[in-house]
Every structure is written in C-alpha cells, then in structure tokens.
Amino acid sequence: MTDRHRSLPVNPAAPPSVVEGHAGPSRRSVVTAAAWAVPVVSIALATPAHAASSNARATIGFSNELPRALGSDLSDASVLVLSQNGVPLANETVTFTVTGPASFGGSTTWTTVTNAAGVAVATGLVASAAEGGVVTLTATVAGVAPVTATVTVVQEGLFLVPVTAGTGDQPAARQIPDATGNIAHVSAATVTLPGQPGQVAYTAVTTTGEVWALGATRGAAAGWGLVDTGADPAVEGATAIGNTGSWSYHLYVKDGQLWWYGGAGTGAGPNRLLTGATGSVTQVSAANGHFSGATTTLAFTAVTSTGQVWARASFNTGTSERLVDTGASSSVRPATTVGGPGGTSQHRYVKDGQLWLVTNTGASAASPERQLEGVDGAVVQIDAVNAYHPEMAGQLAATAITSTGQLWASASTLANEVPWELQDTGVDGAVRPATAIGGNATGSVHYYAKGGQLWRAWSYGDGFDPIARKAEGATGAVVGISAASAHRAGEDPQIAYTMVTATGEVWGHSYVATDNRGAWQLGSGANPTVVPATAIGGAPDGSTHLFAGTVPA
C-alpha cells in the first residue's frame with residue numbers, strides 16, 4: 001500500500017503592510033494556513049494621510065489580520081487620529097463607510113468620535129452571513145484625507161473527491177457554488193443495482209437554511225439543486241435511495257418538523273412528515289436496502305425533543321410513520337437499517353443510557369427490545385449499516401460507544417454472525433463511529449477514534465480480528481468519520497471511509513473492487529465541525545468523499 005499525500009491550494013498571503021501610529025509588533029510578511037482554524041488572510045492598510053491645514057494624520061487597521069468566517073464580528077477595526085506632533089486627538093468625529101459583504105446592522109455607515117487616546121472603533125461592524133468577499137472599510141475625519149483598510153471574509157465550500165480504481169489522485173471539486181452561507185452538514189446514500197455501477201445521493205444544508213440535493217440514481221442523474229429554504233442548520237439531515245433505485249430521498253428539519261424532498265426527474269415535494277409528533281425533531285437517520293424488481297425498501301428514524309421515537313419502513317407502500325417509543329435521548333442520533341430485499345427495518349436509539357431496538361414492517365412494529373446488557377456507562381454514540389447478499393436475507397452491523405469509552409460491535413453477515421461484543425476501551429465518545437459491510441457481505445468494519453487516532457475493528461470468519469490503527473500519517477486528532485458500503489456479487493468487499501482531523505486534514509480509503517491502497521490524504525482546509533460524507537457508485541469501481549472547507553484559490 002502507498003499513502004498518497006496532497007493538499008488543497010490556499011489563498012496566497014497579502015503583501016506585508018505597516019500601520020503608522022500604532023504601537024506593537026510589525027506585520028507579518030507572509031501568512032499561511034492549512035486548516036479552517038487558521039485560514040489565509042489578505043489585508044491591506046492605507047498609508048497615513050496628512051491634512052494640509054492641520055497636519056493631523058490618521059491610520060486605520062484591523063487588529064486581527066486573519067480572514068473571517070461568514071457572520072463574524074469585525075468591530076476590531078479602529079482609527080487612530082494624531083496631531084502633527086503625535087498627540088492623540090480626542091472628540092474628533094469619524095465616519096466609517098463599508099463596502100463588500102459587511103454592514104453596521106444593515107447600514108453602510110457609522111459615525112462616532114475618538115476617545116482620549118485618539119481612537120475610534122468600528123462598533124457593530126459584522127460580516128455577511130450569506131456571502132464571502134473583500135470588506136473595504138473607509139474612515140473619514142474632518143481635515144484629514146480618508147484612510148482605508150480591507151479584510152477578507154471567507155466562505156466555505158462543499159468539496160468532493162472522486163476516487164476511481166487506479167486513479168486515486170483526483171483533485172477536490174467544489175460543489176454548489178450558488179449556495180449561500182457555509183455548509184452546516186452533509187449526508188450521502190449508496191445503493192447497488194444488478195448490472196449498474198451504483199447509485200449515490202447527497203443532501204447538504206447551509207448555515208442560512210438552504211437545502212441542496214443531488215441524486216445520481218437510475219431515474220435521475222441531475223446536478224445539485226436548491227429544494228427548500230428555512231431548514232434548521234443545527235439538525236443533521238439524512239439521505240436514502242428508494243423505489244427500485246429510481247428515487248432519492250432527502251430528509252431535513254424545518255420549523256421543528258421533519259420534511260423530505262424526493263428526487264427523480266422533476267422531483268417531488270417538499271413534503272412534511274410526522275404530523276402527529278410532539279416537540280421539535282432533533283435527530284434523524286435513514287437507510288435504504290436492496291432493490292430487485294419492484295421491491296422498495298427505505299426507512300427512517302426520528303427522535304423529538306420530548307423523547308418520542310418515530311419510525312417508517314417504506315415510502316411507497318402507503319405505510320404511515322408510527323410512534324414506536326417514548327423517553328428517548330434527544331441528543332443521540334439514532335441508527336436505521338433495512339434487512340435484505342424485504343421491507344423489514346430496524347431502528348436503534350438510546351433511552352435511559354441504554355441501547356434499544358425496534359423492528360418495523362409495513363404492517364406493524366415489534367415491542368422495543370433492550371440491547372447491550374451489562375455495558376459500563378451510558379451509550380452516547382451509535383451507528384449501523386446494512387448490505388445485501390443473494391444467499392442471505394440481509395446483513396447488518398452496528399457500533400456503539402459508551403460514556404466510559406467502551407466500544408461495542410455486532411455483525412450479522414454471510415460469513416460471520418457475532419452478537420454484541422466489547423471490542424476496545426479508551427474510545428473517544430465525542431466522535432461518532434462509522435460502520436461498513438464488505439461488498440461480498442462476508443465481514444463488517446467498525447471505525448472509531450481513540451487517542452486522537454483512527455482505529456478499525458473488523459469482523460470476519462470467527463469473531464473480530466485485533467484492532468488496527470489507520471491513517472497513521474494524519475496530523476491532529478480525528479474529529480469526524482463516515483463510511484459507505486456497496487455490493488456486487490462475486491467481487492471483493494466494497495467499502496470506503498472519510499475522516500477529518502482537528503487540523504483540517506481530510507483522509508480517505510477506498511476498497512472498491514481490486515483497489516486497496518490504504519489511506520491517503522485527500523486535502524486540507526476542512527471544517528472540523530462538519531462530519532464528512534462517503535458514498536460508493538456514480539462511476540464504475542469508484543467512491544466519493546465529501547467534506548466542507550475553505551474555498552481554494
């Protein structure tokens with residue numbers, strides 16, 4: 001295996017600049033950055049102007065030279081007014097005028113006076129929450145020529161790295177250039193149809209509440225489209241594929257309610273779900289199964305702020321969503337799976353610190369069943385996945401993490417049926433695990449963070465193999481993980497994962513068909529607060545890895 005390393009380009013640093021009249025260290029001549037936490041800055045400060053009548057002078061600048069995120073406070077900008085002899089001039093009227101993506105509470109001007117130190121502050125200057133660009137701030141003082149300073153407001157983008165067998169060095173491509181705001185979260189879905197390379201679908205929600213969807217399914221292979229506005233960016237959405245692979249379903253929360261948009265050709269919706277739910281929807285997950293003929297298998301699980309658990313097994317059988325339990329934790333994201341070619345779905349959630357399971361069909365739902373008897377600590381993270389093999393009704397795998405750092409895993413695959421087992425300790429409960437099943441349905445893979453690193457537990461043959469560390473060349477602690485599974489009869493496993501570190505590095509692995517080159521760096525500059533998304537399909541023997549990050553130059 002050969003690790004591939006490469007970084008996304010970043011904006012070049014601004015030329016060195018000097019602010020006359022301000023004490024303190026000199027400006028850096030070069031500013032570089034590789035992660036969201038320390039992006040590149042471009043700032044220009046004017047040379048002091050001298051009034052002919054009074055010989056007074058003014059200087060302007062931003063104390064923070066780094067570029068700002070959308071919606072950031074820019075009131076660290078100030079003007080210093082001095083007399084000819086360098087004495088601070090108090091009570092001088094200063095008018096600030098701003099152009100570009102920023103304002104003073106909606107106004108382009110702000111008038112104030114200098115204090116005893118001769119300083120006037122640009123109070124209330126805030127960057128736009130919708131778009132990035134260069135903010136130009138001009139200060140005008142009577143008898144002194146106007147002075148100007150600039151600062152860059154950086155807008156994030158959503159980037160996709162396609163990985164095809166034999167060509168793993170694809171550059172990241174920016175998605176959704178017309179979106180406003182930054183990416184708040186992104187999700188993906190994968191399904192494989194007989195004789196087709198695979199179908200993928202994605203859902204992204206921005207910090208301004210826009211919902212963007214893409215469905216490269218059998219019925220529609222369209223690009224990104226804006227399908228709704230007003231979504232809650234604090235609630236992670238979900239994506240699934242149904243209706244024999246011809247439709248993609250995109251779920252999100254708006255006004256506390258669950259909504260879905262269906263993409264096939266012209267699309268359908270948006271449509272509201274869970275009309276009988278109490279409280280606001282705080283968590284949602286979805287899953288799709290195998291499609292053969294007219295069989296449709298698609299499911300979702302939603303949890304509300306009042307602890308209600310709602311489940312649905314299929315979208316096209318006329319089955320309404322049903323309330324399956326109460327008292328669930330509204331802060332733990334549930335996990336949904338679909339068994340094989342049928343309409344049976346499984347819905348996992350946390351209640352009273354324990355893991356619970358409800359099996360759901362189009363006709364009825366079973367009583368909740370408690371899982372993981374005897375674990376140490378409360379369950380704080382869960383994940384699950386399903387795959388299909390023609391010799392078995394369905395393959396399922398699940399991962400759970402407790403508050404004491406225990407990692408529990410289970411697998412029901414073609415070659416290995418393992419009940420819940422304790423696999424590791426010392427695991428980071430703040431990072432959600434990711435689960436995948438190999439394309440030939442013989443084993444499951446459970447990814448998790450421990451000691452800031454990415455680790456894997458693999459079930460195959462007889463129980464689980466020893467844990468293994470992955471992506472050893474990454475810097476920074478692992479903060480986000482996602483994984484995907486696909487199936488093609490008679491082929492080796494098809495799995496892929498994406499991870500993001502606290503330093504903004506993006507690493508991935510693609511084990512599709514005969515491609516198994518280990519982990520390599522996909523890029524840098526990622527936002528560590530957004531969990532990445534992974535899918536398999538859309539191109540033969542390929543996987544796709546999505547992450548949110550700073551816009552490359």
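Buried residues are those with under 20% relative accessible area, exposed ones have over 50%, and partly exposed ones fall in between (1.4 Å probe, protein chains only). Strands (E, at least two residues) and helices (H or I, at least four residues) are DSSP runs, numbered from the N terminus. The model described here is predicted, so local features need pLDDT of at least 70 and side-chain atom pairs count only at pLDDT 80 or more, while totals for chains, interfaces and linings use all residues. Residues are numbered from 1 along each chain as its sequence is written, and side-chain values use heavy atoms, with hydrogens and water left out.

The protein chain has 44 strands and 0 helices. It holds 553 residues, of which 57% count as buried. With contact taken as heavy atoms within 4.5 Å, 56% of the contacts between residues at least 6 apart in sequence join residues at least 24 apart. The accessible surface of the protein chain (Shrake-Rupley method, 1.4 Å probe) comes to about 20100 Å², and 52% of that area belongs to carbon and sulfur atoms.

In strand E6 (residues 93-99), Val-94, Phe-96 and Val-98 form the covered face, whereas Thr-93, Thr-95, Thr-97 and Thr-99 form the uncovered one. Two strands are said to pair if DSSP finds at least two bridges between them. E6 runs antiparallel to E8, joined by 5 bridges, and also antiparallel to strand E11 (residues 133-141), joined by 6 bridges. Val-94 takes part in both pairings: this residue stands opposite Thr-112 in E8, and its bridge partner in E11 is Val-141.

Thr-112 itself belongs to strand E8 (residues 109-113). Apart from neighbours within four places in sequence, Thr-112 is in contact with Glu-92, Thr-93, Val-94, Phe-96, Ala-120 and Val-121. Thr-123 is 11 residues from Thr-112 along the chain, and their C-alpha atoms are separated by 8.8 Å.

Tyr-249 has Gly-262 in E21 as its bridge partner.

Two buried residues come next. Val-332 lies in the loop between strand E26 (322-325) and strand E27 (335-338). Because its relative accessible area is 9%, Val-332 counts as buried. Its contacts, neighbours within four places in sequence aside, are Gln-283, Val-350, Val-379, Val-380 and Ile-382. One of these, Val-380, is 48 residues away in sequence, with a C-alpha to C-alpha distance of 6.3 Å. Gln-354, in strand E29 (residues 354-360), is buried because its relative accessibility is 18%. Beyond neighbours within four places in sequence, Gln-354 is in contact with Tyr-349, Arg-370, Leu-372, Val-375 and Val-379.
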